[in-house]
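Hi,

Here is the structure I promised to pass on.

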Amino acid sequence: MSVSQLARSIVESPTLRLNEEARLLRERGEPVIHLGIGEPKNKAPLNAILSTASKLVTGDVKYSPTDGLPSLKKAIIKYTEEHYDRLVAPENLIISSGAKQSIFNVLYSILNPQDEAIILAPYWVSYPEMVRMVYGVPVIVKPEDGTFTPRLEDIEKAVGPYTKALIVNSPNNPSGAVFPESFIAQVVEFCERRDIYLIMDDIYHTLVFDGVQAPPAYRFSKRDLESTKIIVINGIAKVYGMTGYRIGWAIAPRELVQIMTNIQAQTTSCTSSVLQAGAEGALLGLQSVVEALRLQIQNNRDVMMQELQSFTGVRIRKPEGTFYCLPDFRAYSNNSLELCRFLLEKALVVTVPGKEFGMEGHLRLSYSGTVKDVTEGLARMKWALDPTSANEIYIGDKKLVRDWL
Ligand code: PMP
């Protein structure tokens, strides 16, 4: 079939592919445990549901302004003032169909062909592909010391005449690391001095544990919103557990927002007005739902850490945020893709290969599901991998005997 070279070169989203594989296995009645998924199991907050429903029953479901419903913009401005201590104007804000579209719009707006965007490993799988989709060049920077915390000196070495942007995601998918305040301060200063856009993907910003906080980049910039290089990406998918609403936003200088608005106008026109109403309900409603979700996920994280410690040879850095961790499984295999396939086949557990995030030898495990998912998933993994574990296990009512170790 004749398709463009660029389109052909864009890889399938490994996480969405795994979701699909897990769904098909479940449909066949297989008791799959999904530790690959990136969404909590909560119901949408009640205020969001009511707000969605009341918009729908008006029957007035039309295009919204391309950059978003003014009332949702107002709610996001309030949210930004509370969480970032910055008062932004409606013209600094554009609402899109998920943070994913917001990031794509930003990259499309700022990169010329061959311009480079620096991406810090371990990274969210979509960044390099999105950069390539707009004919840019992803430049991956990996911490030399094997940690998940990037260092400015490594970034400095990767900067060249074509560097246009640096993408920072903290709390980080896939590692769960929250980058220290000193690092955020350094990159803000560096990007503003070198005239490089700093794209802060803050989608997990309040999903943090043990009193750790993800410092907002604005705190370290003396510039006003029109002259800063900081672009903030956020949304309701993760911290409200409203992934299916597909509402995200970008905050940037007005001129850039205007350009992104033109792009969005020519691609999706606008985001669904019903779902924008729902997002408004979530942002203005009871915020205790966010805290309840955070506490539940923190507890899941603790259970996952405890279970992982019982594996022989698995090295793990305790996540400080998100609902992921990225343990080093090289004691079992250096090929994370093969390891994932093995775990799915033998133990019916979905994991995501670290290779996809620039960290071969690691597995990304999600604890966004139930505690039972975490304990049972890890028990099955341990059975499949660790010779010190019992060689029989029950999966559903099927007794499985390990005969490969
Ligand atoms: N950024 C990161 C780091 C993510 O993990 C995700 C979702 N997996 C997104 C952005 C996209 O969020 P949304 O669902 O709002 O498009």
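**Starting from the core**

Leaving aside residues up to four places away in sequence, L198 touches L166, V168, V187, V188, C191, A217, K229, I230 and I231; a contact here means that the C-beta atoms, placed from the backbone, lie within 7 Å. Before I go on: this is a predicted model, where local features need pLDDT of at least 70, side-chain atom pairs count only at pLDDT 80 or more, and totals for chains, interfaces and linings use all residues. Residues are numbered from 1 along each chain as its sequence is written.

L198 belongs to the largest nonpolar core, which has 115 residues, and is listed with L166, I199 and I231 as having the most contacts inside it. By nonpolar core I mean a set of buried Ala, Val, Leu, Ile, Met, Phe, Trp, Tyr and Cys residues joined through C-beta atoms within 7 Å. Buried means 20 or more other C-beta atoms within 10 Å of the residue's own, exposed means 12 or fewer, and partly exposed is in between. Helix α13 gives the most to this core, with seven residues. Domain 1 (5-43 + 288-401) and domain 2 (46-284) both contribute residues, so the core lies between them.

**The two domains**

Those bounds come from an automatic or database domain assignment. The C-alpha centres of the two domains lie 27 Å apart, and 30 residues of domain 1 are in contact with 31 residues of domain 2. On the domain 1 side, the elements giving two or more residues are α2 (14-27), α11 (288-309) and β9 (324-325). Helices (H or I, at least four residues) and strands (E, at least two) are DSSP runs, numbered from the N terminus. The largest share of that side, seven residues, comes from α11. By class, the domain 1 side has 15 nonpolar, eight polar and seven charged residues. For these classes, Ala, Val, Leu, Ile, Met, Phe, Trp, Tyr, Cys and Pro count as nonpolar, Asp, Glu, Lys and Arg as charged, and the others, Gly among them, as polar.

**A helix pair**

Back to α13 (residues 371-385): α12 (residues 336-347) packs with α13 at about 105 degrees, and their axes are 10 Å apart. That makes the pair roughly perpendicular (65 to 115 degrees; under 35 is roughly parallel, over 145 roughly antiparallel, the rest oblique). The axes are lines fitted to C-alpha atoms over the stretch in contact, with angles from 0 to 180 degrees between N-to-C directions. From α12 the contact uses L343, K346 and A347, and from α13 it uses R380, M381, W383 and A384. Five of the contact residues are nonpolar, none polar and two charged.

Most residues other than glycine have a negative phi, and most peptide bonds are trans.

- The A121 to P122 peptide bond is cis, with omega near -5 degrees; P122 is in the loop between β3 (116-120) and α6 (126-133).
- N173 and P174 are also joined by a cis peptide bond, with omega about 25 degrees; P174 is in the loop between β5 (163-169) and α8 (181-194).
- Y135 is not a glycine, yet has a positive phi of about 65 degrees. Y135 counts as partly exposed, with 13 C-beta neighbours inside 10 Å.
- L348, not a glycine either, has a positive phi of about 55 degrees. L348 sits in the loop between α12 and β10 (349-350) and counts as buried, with 22 C-beta neighbours inside 10 Å.

Cheers

Methods. Contact = placed C-beta atoms within 7 Å.
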